[in-house]
Amino acid sequence: MTDQLNDAEISARLDSLWTSELARAEADYQSLPGRPGTRAKLVVSAGAIAIVVAVLALAVVLRQVGGLPSPGSNGIQLGSDGLPLSIGGETVLRGDEIAQRLADDPTAAFLAGGRLVVDGNGCSSDPSAATCVETWHLASVDGSGPTFNLDGAADSTGFIRTSGALTVFRVDPVARPTCGSVACPTELSASTVAWRAPTKGPIPPGASSIDGAIYEALWPDFVATYDSDGETIAGYTAKADLLSTHDRPFAVYGDDLKMIVGYQVAGQGFVPIGEYSLAPAPSAPPVGASPLEILTAYLQAVKDRDCPAAMIVTAPEDIVPTTNALCSSSARVTAFEVSDSGPSQSTYDTVVFSVTMTTTGGAFSLPDGPNAWSFTLTRQRSGGWRVTGGGPA
Amino acid sequence: MGGTAATVEVMADRSMAERISVDAMQEYGAMLLATARVLTLSDTEAQDLVQTTFEIALRRLDTLRDPNAMRSWLLRIETREALRLARRLSRLVRLDHEQHDIPDTSADPSRRAEEADLRAALGKLPPRIRAAVVLHHMVGLPVRDTALALGVSENTAKTQLKRGLARLREALHD
């Protein structure tokens, strides 16, 4: 049994946890292909986009002229090599600085930045072959400095299997490999990815073999998508999307990897955002639609994982979290049945239905199998009905 | 004429609001994600929560009177959504101590263990008290803004913070 902590000590621990969480979120938020908020940006007007682009362009020019460090997300200052100068007040070491730190203080934990490079001998022709041995290295960004072997990189928290990404690892001194009785001078033991910048570009030579084998570690995070002329890069599609098995249209991002500029559509290729709407654009049902018709449309949409179509029949602010959870989380609604005995409650402006939803994949959400839920629909000022609530019965 | 001028003014306001929203996503996305993670103690639910927060923020931009208050305004939306989830969808999105899919990320093993203990202790707090502790002691919101985010008086927020620290002390002592 330990002594109880005082308020200041607890506060310090909370502060320390917050620093860790913030560093991790900064790394994750940068690298998430389906970054929260991306969808919402679709509603931003062209005028607003132009303003943002102009501001960013000005910042780039000023940076080039004045040699200023560039701000990354959440105010992280980037050096001229594109790596953060520091994260959470801790300096990011690179190149010779890393070697120096290893020599000076082999027991220290520190942040090491560089370009993550895979050495995948025998992997390009068949990544699943036993002869495919993958090792990861941290090279200096311009290739002129030392290269370090990254022990445990693939198991480190936040690791993304993409060669070429500018990455900052937290180096763990405890697990650093040893050469004889001392820490190896070129070995780093990576415990966490503290920051990384997503990569973009065409699929490099050697990343796909003639017989169709794909060595995805060599693919950039965002793969170049070409316009109809086959030569002009129209934007970039997330690698994760391209390697997935579904054939829905994929978002194509602009140079900044944030703004959506169009969609990659099966059988059509790149379609600019102004010329295609992701689904057949959902249209609001007629005002005279019955509550049951509205609810059925909603449930069918979440079953189809068509969030926009589901949202259109909701009164959004109350039901957004439920709808997101049902149509875009890991839980999938595979079937639904509205009680055929009619509404369980019914007034002039409120109707409640009992629904049995069969779900799968909801480890943290819905238990697999049939779930009894109830959905509330409310009459709107327009006279139409909308789904305004839902949850376990 | 007056109508045209008013329309132009509204459009200018709207353009500014939209620009602010884009900047906000960039500037505050990671902070909101980190906050959501300690509020929900779940990576999956945290990402959903941040997305929902931005969706709601975009719809309500016209209610933001002071663009300089964007950070606390977004945190207020996020916290209220988290609490709404906890209250209304307790089975759908569990904000309780059973749910921990946040990996440990610290540099050294002792700190990792300390952080794991702290997450577990946070998970035992009732959602509103946890939110108070997170917003004030971790994110750094003043008590006044913390109270605003929770929709309670400053005195209530102070009580919740006091209870939160006391419960954390007990949980960390066990």
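**View 1. The surface and interior of chain B.** Chain B exposes about 7,600 Å², and carbon and sulfur atoms supply 50% of that area. The structure shown here is a predicted model, and in it 53% of the 174 residues of chain B count as buried.

**View 2. The helices of chain B.** When contacts in chain B are taken between residues at least 6 apart in sequence, 66% of them join residues at least 24 apart.

**View 3. Confidence along chain B.** The average pLDDT of chain B is 75, with 71% of the residues scoring at least 70. Among the elements of this chain, helix H5 (residues 127-139) of chain B has the highest mean pLDDT, 92, whereas helix H1 (residues 2-40) of chain B has the lowest, 62. Over residues 1-16 of chain B the pLDDT is below 50, and this stretch has one contact in the model beyond near neighbours in sequence. Residues 89-101 of chain B also stay under 50 in pLDDT, but for these residues the model has 47 contacts beyond four places in sequence. For the model, the scores are ipTM 0.82 and pTM 0.40.

**View 4. Strands E18 and E20 of chain A.** Strand E18 (residues 332-338) of chain A and strand E20 (residues 350-360) of chain A run antiparallel and are joined by six bridges. One place to look is Val333(A), whose bridge partner in E20(A) is Thr359(A).

**View 5. The hairpin of E19 and E20 in chain A.** Strand E19 (residues 345-346) of chain A pairs with E20(A) in the antiparallel sense, over two bridges. The two strands, E19(A) and E20(A), form a hairpin in which three residues lie between them. Within this pairing, Gln345(A) stands opposite Val352(A), a residue of E20(A).

**View 6. Strands E20 and E21 of chain A.** E20(A) is also joined to strand E21 (residues 369-379) of chain A, with which it runs antiparallel, and this pairing has ten bridges. Here Thr358(A) has Pro370(A), in E21(A), as its bridge partner.

Methods:
Residues numbered from 1 in each chain as written. Chains lettered and ligands numbered in written order. Predicted model: local features only at pLDDT ≥ 70, side-chain atom pairs only at ≥ 80, totals over all residues. Heavy atoms only, no water. Buried < 20%, exposed > 50% of the residue type's maximum accessible area, 1.4 Å probe, protein only. Contact = heavy atoms within 4.5 Å. Areas by Shrake-Rupley, 256 points an atom, 1.4 Å probe, with all protein chains shown as cover. pLDDT = per-residue confidence, 0-100. Helix = DSSP H or I, 4+ residues; strand = E, 2+ residues; numbered from the N terminus. Pairing = 2+ DSSP bridges.
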